[in-house]
Amino acid sequence: MLKAGGAAVAAVAISGSDAFGSQGTLSGALDGSKTTSPKTIMVIGAHPDDPETGCGGTMIRLAKAGHNVLSVYFTRGERGIPGTGLDDSARIRTAEAEKACKILGVKPIFMSQIDGDTRITPEAYKEMKAIIEEYKPDVVFAHWPIDSHRDHRNCSSLVFDVWQNSENPFELYYFEVCTGIQTMHFFPTDFVDISEVEKQKKEACFCHVSQEPESWYDKEHERMELFRGMQSDVEYAESFVKFHKSKAKGSVLDI
Ligand SMILES: [Zn+2]
């Protein structure tokens with residue numbers, strides 16, 4: 001986590017009073033040292049490529065620091081390949097996500113909803129609760145809820161419901177994807193410098209060949225990373241909104 005120079009950013013940047021920081025669990029990660037207190041971190045995205053594009057650099061850095069990072073896919077991207085059936089698309093996109101996760105150094109987990117037809121039902125609440133309770137994450141990264149994509153909104157809402165009803169809630173952050181096109185009205189509280197891992201992140205995102213990343217990655221995600229970098233005085237950054245009621249545990253982003 002970096003403390004940016006701008007007053008507005010500095011005001012909300014991670015402070016030394018954070019539990020992760022004060023315990024020193026992540027301090028030193030920048031020079032390649034490993035944490036002595038590994039945490040379980042879940043990034044929950046609606047489609048294959050959402051965790052990677054929104055959080056890929058941060059996932060790489062957290063995994064390198066020794067944390068157990070899980071990339072959770074709400075759907076397998078069943079409707080993401082025009083002209084290809086749901087099952088074939090799911091198979092292709094699952095393989096792409098698995099390849100991307102290898103590059104990120106994280107573990108993929110797939111849920112059972114269908115791309116383009118995600119639903120908030122009693123069963124959906126149960127499935128999200130079950131998967132979060134199974135892995136007991138210390139930290140969860142979720143889609144920002146104001147988003148043009150219904151699947152992103154539904155996924156985000158289910159994660160928040162688990163947080164809201166948990167007796168021992170996890171630290172909750174929101175990530176952005178294709179800001180201005182999908183994520184909207186997103187004003188970050190936290191920034192992570194991904195300059196040193198940006199190429200590795202891009203390589204992971206480009207595993208999603210079926211999504212033709214060459215046609216959108218640079219003008220959407222790379223531009224976003226450069227802009228967040230400008231806001232935080234580094235070359236490339238990812239940014240997040242920390243849910244302020246999300247336990248006073250500090251920040252896992254203090255890397
Ligand atoms: Zn998506």
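Which residues have the most contacts inside the largest nonpolar core? That is where these notes start; keep in mind throughout that this is a predicted model.

1. **The core.** The answer is Ile44, Met59, Val140, Phe141, Val159 and Phe175, in a core of 50 residues. Strand E2, residues 68-75, supplies the largest share of this core, with 5 residues. As background, nonpolar side chains in soluble globular proteins tend to be buried together.

2. **Met59 up close.** Met59 is worth a click, being one of the residues with the most contacts inside the core. Setting aside anything within four places in sequence, Met59 touches Val43, Pro51, Val69, Ser71, Leu104 and Val106.

3. **Overall numbers.** The protein has 8 helices and 7 strands. Of its 255 residues, 49% are buried. If you take the contacts between residues at least 6 apart in sequence, 78% of them join residues at least 24 apart.

4. **The sheet.** The 7 strands sit in an open sheet with mixed pairing, and the order reads E3-E2-E1-E4-E5-E7-E6. From one strand to the next the twist averages 25°. Strand E3 (107-113) and strand E6 (190-193) are at the edges; each has a single partner strand, so one side of each is left without a neighbour in the sheet.

5. E3 runs parallel to E2, and 5 bridges join the two. If you want a landmark for this pairing, look for Leu70, which stands opposite Lys107 in E3.

6. Asp190 has Phe240 in E7 as its bridge partner. Are the residues on the two faces of E6 buried or exposed? Both faces are covered: Asp190 and Val192 are buried on one side, and Phe191 and Asp193 are buried on the other.

7. H5 lies across strand E1 (40-45), E2 and E3, and runs at about 160° to E3. H6 lies across E1, E2, strand E4 (139-143) and strand E5 (171-175), at about 150° to E4. **H5 against H6.** Helix H5 (residues 122-135) packs on helix H6 (residues 150-165) at an angle of about 65°, with 9 Å between the axes. The crossing is right-handed. By class, this contact has 7 nonpolar residues, 2 charged ones and no polar ones. From H5 come Ala124, Tyr125, Met128, Lys129 and Ile132, meeting Leu158, Val159, Asp161 and Val162 of H6. Val159 turns up again among the residues with the most contacts inside the core.

8. **Phe243.** This residue is found in the segment after strand E7 (237-242). Why does Phe243 count as partly exposed? Phe243 has 17 C-beta neighbours inside 10 Å, and a residue needs 20 or more to be called buried. Leaving out neighbours within four places in sequence, Phe243 is in contact with Leu172 and Tyr174. The C-alpha atoms of Phe243 and Tyr173 are separated by 5.8 Å, although the two residues are 70 apart along the chain.

Key:
Residues numbered from 1 in each chain as written. Predicted model: local features only at pLDDT ≥ 70, side-chain atom pairs only at ≥ 80, totals over all residues. Core = buried A, V, L, I, M, F, W, Y, C linked by C-beta atoms within 7 Å. Buried ≥ 20, exposed ≤ 12 C-beta atoms within 10 Å, placed from the backbone. Helix = DSSP H or I, 4+ residues; strand = E, 2+ residues; numbered from the N terminus. Contact = placed C-beta atoms within 7 Å. Axes fitted to C-alpha atoms, helices over the stretch in contact; angles between N-to-C directions. Left-handed = near helix turned anticlockwise from the far one by under 90°. Nonpolar A, V, L, I, M, F, W, Y, C, P; charged D, E, K, R; others polar. Pairing = 2+ DSSP bridges.
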